Amino acid sequence: MTDLLTAEDVQLMQGLAQRVTATRPDLVNADASFGELAWNWGKGHAADGASWRRRLWFDGGDLVAWGWAQLPRRVRRDDGSVKDVTGAYLAHQVHPDHAELVDEVIDWYDTTAAGLVRTVLPGAADEFALRRWTAHGYETDPAALGDTGSWTQLNERDLTDVEEPALPDGFRFRTADEAGPEAAVRAHVDAWSPSTYTAESYEGVRKTSAYRGDLHILVEAPDGTMACSAILWLDQVNRTAEFEPVGTHPAYRRRGLARAMLLHGLHRARAAGATHATVACLGAPGHPAARGLYYSVGFRKASRDAPLIKVS
């Protein structure tokens, strides 16, 4: 069945993410993790949902594969600029016990996005799927190559021994529950401007079943500015917490604030029952900042994606 993506679909997709994470975490595709699904759905569905298409594959009552095609649309950002997205992107996941379904996912995507430039991010460890994408005419995306390539890596660490965070004098940790929606939105926009994020985006995030305001953490500066923020998504089945997004106000970078916030978040995740944490970043050598930050608090590379493109 092909239709627009619903909140109920996302919960089913998160369930598949949990099942794959439990057995083959290296096969969880980019944008198909428990936290990424909630974040991407929540922040984007109000503005972009009409350009989203999805198909679900079931075995009995269990979801075993899905495709989420994001089609051309116009994007408006907080600085007043407008960007026209002209290509298509596919987020997807196939349970490893039903690996052969990847051909159906590819055929559906090619039909749904016919005539468009099509991109997709399968996992680099999924050798079977990569062979099938290649057989359908997909090639390595040139934009992902080189020192400043756009591929991402997933990083992980356990929570058995977490350093205590330390903030400079006058700074303090807050949660979104404490700081309120306006501050939470401002923190994200300040960190990521030009950004499409709005109060409506945050309201969508808050309505996802996985969101917890006590795991949405911020650092408040002495003047009241929210200097950095992060959301942790707790997968209680696998006892893992995923940071997405993580951002710092440009005026407050290189002060150790994000590092302290991450450590604080790891402690909060452990208190909530997590034993493991993940965070994604750009993996190419020319993008060292975020990777260096995550490595400084004990994360190490777990897996990476393999960006593919089809232009005809």
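Mentor: Start with strand 12, which gives the most to the lining of the largest cavity, with 3 residues. Keep in mind that this is a predicted model.

Trainee: What makes that space a cavity rather than a pocket?

Mentor: The way out decides. In a cavity a 1.4 Å probe fits but cannot get out, whereas a pocket is an open set. The structure holds 1 cavity of 30 Å³ or more. About 60 Å³ of space lies in the largest cavity.

Trainee: Which residues line the largest cavity?

Mentor: Trp39, Ala184, His188, Tyr197, His216, Ser229, Ala230, Ile231 and Pro245. Helix 6 (181-192) and strand 12 each supply at least two residues of that lining.

Trainee: How do the residues of this lining divide by class?

Mentor: There are 6 nonpolar, 3 polar and no charged residues. Take Trp39 from the lining. Trp counts as nonpolar.

Trainee: Now the second largest pocket. How much space lies in it?

Mentor: About 350 Å³. The lining has 19 residues, and Thr21, Pro25, Leu154, His276 and Thr278 lie nearest the centre of the pocket.

Trainee: Which element gives the most to the lining of this pocket?

Mentor: Helix 1, with 3 residues. Several elements supply at least two residues each, among them helix 1 (7-23), strand 9 (152-158) and strand 14 (276-282). Strand 12 (226-235) is also one of them.

Trainee: What classes does the lining of the second largest pocket hold?

Mentor: It divides into 8 nonpolar, 7 polar and 4 charged residues. Compare the lining of the largest cavity, with no charged residues.

Trainee: Next, the pair aspartate 9 and arginine 54. Why is this called a salt bridge?

Mentor: Set the distance against the cut-off. A salt bridge needs a side-chain nitrogen of Lys or Arg within 4 Å of a carboxyl oxygen of Asp or Glu. For aspartate 9 and arginine 54 the N to O distance is 2.7 Å, so the pair qualifies. The pair links distant parts of the chain: aspartate 9 is in helix 1 and arginine 54 in strand 2 (residues 52-59), 45 residues apart.

Trainee: Are these two residues buried or exposed?

Mentor: Buried means under 20% relative accessible area. Aspartate 9 has 6%, so aspartate 9 is buried. Arginine 54 has 5%, so arginine 54 is buried too.

Trainee: What about arginine 74 and aspartate 84?

Mentor: Their side chains meet in a salt bridge, at 2.7 Å, N to O. This pair also links distant parts of the chain: arginine 74 is in strand 4 (residues 73-76), aspartate 84 in strand 5 (residues 82-85), 10 residues apart.

Trainee: Why is aspartate 84 called partly exposed?

Mentor: Its relative accessible area is 44%.

Trainee: How many salt bridges does the structure hold?

Mentor: It holds 14. One of them joins arginine 118 and aspartate 110, at 2.7 Å, N to O. Both of those residues are buried. Elsewhere Arg172, Arg174, Glu178 and Glu220 are linked in a network of salt bridges.

Trainee: How do you know that histidine 249 is buried?

Mentor: Its relative accessibility is 18%. The cut-off is under 20%, so histidine 249 counts as buried. Histidine 249 is found in the loop between strand 13 and helix 8.

Trainee: What is histidine 249 in contact with, leaving aside its neighbours within four places in sequence?

Mentor: Asp190, Ala191, Thr225, Met226 and Ala227. Contact means heavy atoms within 4.5 Å.

Trainee: And why is leucine 263 called buried?

Mentor: Its relative accessible area is 2%, under the 20% cut-off, so the label holds. Leucine 263 is found in helix 8 (residues 257-271). Leaving aside neighbours within four places in sequence, leucine 263 is in contact with Val162, Glu163, Glu164, Pro165 and Val297.

Trainee: What does the UniProt record place at residues 171-312?

Mentor: The feature "domain: N-acetyltransferase", from an unreviewed entry. Over residues 171-312 the chain is 35% helix and 30% strand. The end C-alpha atoms are 53 Å apart.

How values were computed. Residues numbered from 1 in each chain as written. Predicted model: local features only at pLDDT ≥ 70, side-chain atom pairs only at ≥ 80, totals over all residues. Heavy atoms only, no water. 1 Å grid on protein atoms, 1.4 Å probe; cavity = no way out; pocket = protein on both sides within 12 Å on 5 of 7 lines; lining within 4 Å. Points joined across faces, edges and corners; volume = space filled by probe spheres on them. Helix = DSSP H or I, 4+ residues; strand = E, 2+ residues; numbered from the N terminus. Buried < 20%, exposed > 50% of the residue type's maximum accessible area, 1.4 Å probe, protein only. UniProt positions renumbered as here; feature names shortened; annotations may be inferred.
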